[in-house]
2 protein chains.
Amino acid sequence: MSNLEPTVLEPEVAPCCPPITSAELSVEDSVRMAAMFKALSDPVRLRLFSKIASHPGGEACVCDIQDVGVSQPTVSHHLKKLREAGLLTSERRGTWVYYQVAPSVVAGMAALLDLNR
Amino acid sequence: MSNLEPTVLEPEVAPCCPPITSAELSVEDSVRMAAMFKALSDPVRLRLFSKIASHPGGEACVCDIQDVGVSQPTVSHHLKKLREAGLLTSERRGTWVYYQVAPSVVAGMAALLDLNR
DNA sequence: TCAACACATCGACGTTTGTCGAATCAGGCG
DNA sequence: CGCCTGATTCGACAAACGTCGATGTGTTGA
């Protein structure tokens with residue numbers, strides 16, 4: 001991958017959670033994590049997320065990814081949901097708005113589902 | 001943890017999918033994976049799943065986990081959802097019904113979210 | 001055979017969700 | 001300034017969801 005960045009993880013790493021096999025989730029943690037899973041629980045949102053994550057540099061302009069079979073306001077709505085869940089960040093650069101994946105948050109989800117530890 | 005079982009993974013590993021950073025999801029794959037994420041998108045379901053996954057042997061009887069703050073029919077409803085999504089399997093043994101996690105399916109979700117490859 | 005228990009299904013309900021078109025906001029440019 | 005383009009917000013509406021109490025199904029044991 002790109003060796004330009006030593007992949008410095010965000011300092012604010014999601015403190016959640018140990019692997020789901022190691023301990024039962026608390027009520028609060030289950031609410032927090034469920035909100036993240038919910039963000040990926042719609043096919044259109046998952047595809048948008050996939051398009052951004054697989055884009056070079058892990059970011060993409062809305063205009064690059066809005067061909068997912070729904071109207072443009074609906075795309076915007078879904079991107080907002082993903083942003084509110086913490087899975088994406090956005091940044092305006094001139095005319096366009098770029099969305100990036102939030103690596104630490106996604107890593108937290110993956111870690112929760114790691115059954116082998 | 002328990003060294004009784006050498007943790008033999010199921011041979012039938014979910015064929016879905018390469019890590020989300022490596023390629024854009026197809027429409028069909030996004031529908032399949034979104035359904036799995038949806039199963040974990042409710043706090044009560046996530047707690048039920050957590051209780052089962054963290055139980056010794058990766059399985060639990062309904063009677064062991066139904067203390068999650070909702071009625072018994074609702075627990076049953078949520079377990080059905082998790083089962084339909086492929087995340088759990090169930091088995092009746094006498095009076096009780098035992099639910100087990102489906103390791104390969106969960107591993108597939110974790111693999112999809114692995115950003116580091 | 002019947003009572004008791006474990007769990008699933010049914011029917012109903014209020015709430016949330018995904019979607020759209022219309023309107024609005026924000027920058028770039030003539 | 002005024003216009004065009006990119007993107008978000010608004011309002012509405014049908015569909016899906018989470019929840020419950022009541023009822024059904026299956027198993028054990030007296």
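Two salt bridges were found across the interface of chain B and chain A, a salt bridge being a side-chain nitrogen of Lys or Arg within 4 Å of a carboxyl oxygen of Asp or Glu. The model is predicted, so local features need pLDDT of at least 70 and side-chain atom pairs count only at pLDDT 80 or more, whereas totals for chains, interfaces and linings use all residues. Residues are numbered from 1 along each chain as its sequence is written, chains are lettered from A and ligands numbered from 1 in the order in which they are written, and side-chain values use heavy atoms, with hydrogens and water left out.

One salt bridge joins the side chains of B:Glu24 and A:Lys51, at 2.9 Å from N to O. Helix H1 (27–39), helix H2 (43–54) and helix H5 (103–112) of chain B each contribute at least two residues to the side that touches chain A; helices are DSSP runs of H or I with at least four residues, strands are runs of E with at least two, and both are numbered from the N terminus. H2(B) provides the largest share of this side, eight residues. The side of chain B that touches chain A comprises 20 nonpolar, eight polar and six charged residues, where Ala, Val, Leu, Ile, Met, Phe, Trp, Tyr, Cys and Pro count as nonpolar, Asp, Glu, Lys and Arg as charged, and the others, Gly among them, as polar.

In total, 34 residues of chain B are in contact with 33 residues of chain A, contact meaning heavy atoms within 4.5 Å.

A side-chain N or O atom of A:His78 lies 2.3 Å from a phosphate oxygen of DNA strand C, and one of A:Lys38 lies 3.4 Å from a phosphate oxygen.

Note on methods: Polar contact = N/O pair within 3.5 Å; in protein donor to acceptor, adjacent residues only side chain to side chain.
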